[in-house]
2 protein chains.
Amino acid sequence: MATGRNHRPATRSRGIPEATVARLPLYLRALTALSERSVPTVSSEELAVAAGVNSAKLRKDFSYLGSYGTRGVGYDVEYLVYQISRELGLTQDWPVVIVGIGNLGAALANYGGFASRGFRVAALIDADPEMAGKPVAGIPVQHADQLEKIISDNGVSIGVISTPAGAAQQVCERLIAAGVTSILNFAPTVLSVPDGVDVRKVDLSIELQILAFHEQRKAGEEAEAAAGRKGPDGDMPAVMPA
Amino acid sequence: MATGRNHRPATRSRGIPEATVARLPLYLRALTALSERSVPTVSSEELAVAAGVNSAKLRKDFSYLGSYGTRGVGYDVEYLVYQISRELGLTQDWPVVIVGIGNLGAALANYGGFASRGFRVAALIDADPEMAGKPVAGIPVQHADQLEKIISDNGVSIGVISTPAGAAQQVCERLIAAGVTSILNFAPTVLSVPDGVDVRKVDLSIELQILAFHEQRKAGEEAEAAAGRKGPDGDMPAVMPA
DNA sequence: CCGTCTTTGTGCACGCGTTCACAAAGACAT
DNA sequence: ATGTCTTTGTGAACGCGTGCACAAAGACGG
């Protein structure tokens with residue numbers, strides 16, 4: 001989860017742990033940056049710093065993919081970029097539909113990271129007839145009526161839902177019925193989907209709430225420390241004086 | 001998660017596990033919905049379904065907060081809403097600044113989930129002088145020059161970064177220097193921060209890449225099954241015929 | 001060809017998170 | 001008051017993920 005998580009226990013594909021898969025895109029990004037600077041090789045230590053992880057973890061992660069490093073030297077950047085891209089399935093490009101072109105949907109459509117990394121926005125879909133035909137990020141918005149046709153015509157298997165919460169489950173069901181098997185959900189709802197469909201959820205307010213929790217904890221500890229820990233053990237939460 | 005993760009091993013606050021904290025907002029949302037429908041009590045099983053988790057997990061999560069249920073009956077919805085809100089620190093409201101008012105920043109500013117759940121957008125900040133004064137979501141955008149003043153005047157401790165990747169680290173440092181101690185980062189970069197500062201990361205393209213991985217795996221398994229698993233054990237990844 | 005030095009790949013131990021399964025607790029009817 | 005029935009709260013087992021620490025592998029210089 002940036003994120004909330006929502007995947008079944010899942011029979012690990014070729015033995016690659018889920019936690020490792022979640023970090024591969026991170027490594028890929030760091031490696032791409034190195035590649036653009038024409039750096040030929042990189043050590044696990046350097047790459048780990050760039051990706052913000054522990055170097056032992058990084059080496060173990062790579063070991064699941066195979067032995068792509070050279071002892072005493074490090075990893076060949078280009079080769080590793082290729083291997084990770086391949087493992088993630090980014091050597092093919094994935095057509096994606098975005099449903100719900102409000103503020104967030106438009107932001108997603110404009111997001112450069114899509115096109116650059118193996119994804120192609122096949123269509124933007126909205127339920128509002130007024131939106132139909134209007135170009136967003138250079139792509140004309142299409143009406144929700146067309147959803148099924150667009151998906152089957154383009155062989156779309158990944159859908160992004162950025163509708164209001166109320167519409168999400170229904171949109172989700174139509175996407176799945178039309179052939180989509182992976183969904184990235186931005187609507188603040190729990191989607192129920194049949195087995196075999198993957199859902200990942202991104203929820204802005206949840207992330208903020210988690211931050212708030214830690215923030216409150218910090219403030220509480222501070223206050224406690226300042227007061228010389230006079231409170232017993234704190235059954236009541238620390239209350240901030242205005 | 002949606003999310004990438006990025007928190008230190010962290011001395012658990014009052015013994016509430018990080019994983020539990022991450023689910024509290026989920027429970028809170030489900031409970032709020034029940035509250036709005038005036039449902040007085042709910043069982044762990046019902047609530048678990050609504051939140052999309054295992055009921056044993058939910059009970060254990062709640063047990064970290066205290067014994068707020070009644071055996072044979074369930075949990076009092078209103079009371080639980082209050083307890084979780086309090087635990088998450090949502091009984092006070094947190095001023096938040098959003099830095100980088102592009103498509104995404106605007107979407108965030110317009111996002112209803114903020115105001116409704118304990119957060120208040122104290123200011124929108126952008127480096128582009130052209131943006132200054134323009135209202136987004138009813139709030140006038142202010143120039144980045146004002147950043148430090150805004151933060152100290154409003155006592156902001158949570159910042160949201162939705163700038164391009166290149167500007168993120170610099171913005172991050174200014175936020176921290178000005179007093180921010182929690183950051184929600186939407187820019188596709190690893191932020192390095194001093195101890196005591198929490199960073200959570202939301203990365204759209206990473207989420208999509210994880211989906212692509214699973215999607216590829218599904219396609220590979222399908223092809224393998226169709227071919228009667230004729231491949232040895234697959235050193236090469238399954239390749240999709242066009 | 002050999003020794004040294006760097007860096008990988010991994011065995012191992014530990015801790016967190018999840019889930020099962022059940023005893024304890026209470027509501028409610030009689 | 002007593003028994004039944006529902007649902008919580010949690011002890012215990014298990015599995016995954018993490019990080020240490022080191023042996024094996026190879027580059028590189030002499």
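Predicted model: local features only at pLDDT ≥ 70, side-chain atom pairs only at ≥ 80, totals over all residues.
Local features need pLDDT of at least 70, side-chain atom pairs count only at pLDDT 80 or more, and totals for chains, interfaces and linings use all residues. Residues are numbered from 1 along each chain as its sequence is written, chains are lettered from A in the order in which they are written, and side-chain values use heavy atoms, without hydrogens and water.

**The interface**

Contact means heavy atoms within 4.5 Å. Buried area is the accessible area (1.4 Å probe) that two parts lose on being put together, summed over both. Carbon and sulfur atoms give 63% of the buried area here.

| Item, chain B with chain A | Value |
|---|---|
| Residues in contact | 75 residues from chain B, 74 residues from chain A |
| Buried area | about 6600 Å² |
| Salt bridges | six salt bridges |

A salt bridge is a side-chain nitrogen of Lys or Arg within 4 Å of a carboxyl oxygen of Asp or Glu. Asp198(B) pairs with Lys218(A) in this way, and their closest N and O atoms are 3.5 Å apart.

Helix 9 of chain B (residues 204-226) gives the largest share of the side that touches chain A: 15 residues. Helices are DSSP runs (H or I, at least four residues), numbered from the N terminus.

**The symmetry**

A rotation of 180 degrees, with 0.0 Å of shift along its axis, superposes chain B on chain A (RMSD 0.0 Å).

Technical notes. Helix = DSSP H or I, 4+ residues; strand = E, 2+ residues; numbered from the N terminus. Least-squares fit on C-alpha atoms with pLDDT ≥ 70 in both.
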